[in-house]
Amino acid sequence: MLHGIASHPSSFLQALFDLAFVVRYKPDEQPSLMPHHDASTFTVNIALNKVGVDYQGGGCRFIRYNCSIQAPRKGWALLHPGRLTHYHEGLPTTSGTRYIVVSFVDP
């Protein structure tokens, strides 16, 4: 488990990074992730490889808003609320291997 404290010197806000891990999506192993809420205040997803080059498909869909997002390039980050309002799923990776880093943040 990775713990870290982030703070700005001019504020009293501190955030605890509860966990950071790499997720691998492959069509013949784990192509997608079922709809769920995260247990964090915020979730950060960072793309580790490139759609259209390393894999096809993938992305994140926010079900309540019928909104799908796909990383346009490696290193792109997505930050979203984790609890209650942002029920989401990992969309199927149809070929290749997709890697993302996921971190949960609780201020």
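This is a predicted model: local features need pLDDT of at least 70, side-chain atom pairs count only at pLDDT 80 or more; totals for chains, interfaces and linings use all residues.
**Entry 1: the core**

I began inside the protein, where the largest nonpolar core has 5 residues: Val23, Tyr25, Ile100, Val102 and Phe104. Two elements, β2 (14-25) and β11 (98-106), each give two or more residues to this core. The largest share, 3 residues, comes from β11. I noted the rule too: a nonpolar core is a set of buried Ala, Val, Leu, Ile, Met, Phe, Trp, Tyr and Cys residues joined through side-chain atoms within 4.5 Å. Buried means under 20% relative accessible area, exposed means over 50%, and partly exposed lies in between (1.4 Å probe, protein chains only).

Residues are numbered from 1 along each chain as its sequence is written, and side-chain values use heavy atoms, with hydrogens and water left out.

**Entry 2: Tyr25 and the whole chain**

I looked up the surroundings of Tyr25, leaving aside neighbours within four places in sequence. Its contacts (heavy atoms within 4.5 Å) include Pro31, Leu33, Gly90, Arg98 and Ile100.

Next I counted elements and found 0 helices and 11 strands in the protein chain. Helices (H or I, at least four residues) and strands (E, at least two) are DSSP runs, numbered from the N terminus. Among contacts between residues at least 6 apart in sequence, 76% join residues at least 24 apart. Of the 107 residues in the chain, 32% are buried.

**Entry 3: the cysteines**

How many disulfides does the structure hold? I found 0, using the rule that a disulfide is a pair of cysteine sulfur atoms within 2.5 Å. Cys60 counts as buried at 10% relative accessibility, whereas Cys67 is partly exposed at 32%.

**Entry 4: salt bridges**

I counted 4 salt bridges, each a side-chain nitrogen of Lys or Arg within 4 Å of a carboxyl oxygen of Asp or Glu.

- Arg24 meets Glu29 at 2.7 Å, N to O. Arg24 is partly exposed at 39% relative accessible area, and Glu29 is partly exposed at 47%. Arg24, Lys26 and Glu29 are linked in a network of salt bridges.
- Arg61 pairs with Glu89, with the closest N and O atoms 2.8 Å apart. This pair links distant parts of the chain, from strand β6 (residues 60-62) to strand β9 (residues 88-90), 28 residues apart. Arg61 is partly exposed at 23%, but Glu89 is buried at 16%.
- Arg83 pairs with Asp106, with the closest N and O atoms 3.3 Å apart. Arg83 sits in the loop between β8 (77-81) and β9, and Asp106 in strand β11, 23 residues apart.

**Entry 5: the surface**

The protein chain exposes about 6600 Å², and carbon and sulfur atoms supply 61% of it. Accessible areas come from the Shrake-Rupley method with a 1.4 Å probe; for residues, only the protein chains shown count as cover. Val22, Ile46, Leu48 and Tyr99 make a nonpolar surface patch of about 310 Å². Patches are made of residues with over 30% relative accessible area and no salt bridge; like charges are joined within 9 Å, nonpolar side chains (Val, Leu, Ile, Met, Phe, Trp, Tyr) within 5 Å. Leu48 lies in the loop between β4 (42-47) and β5 (55-57) and is partly exposed at 37%.
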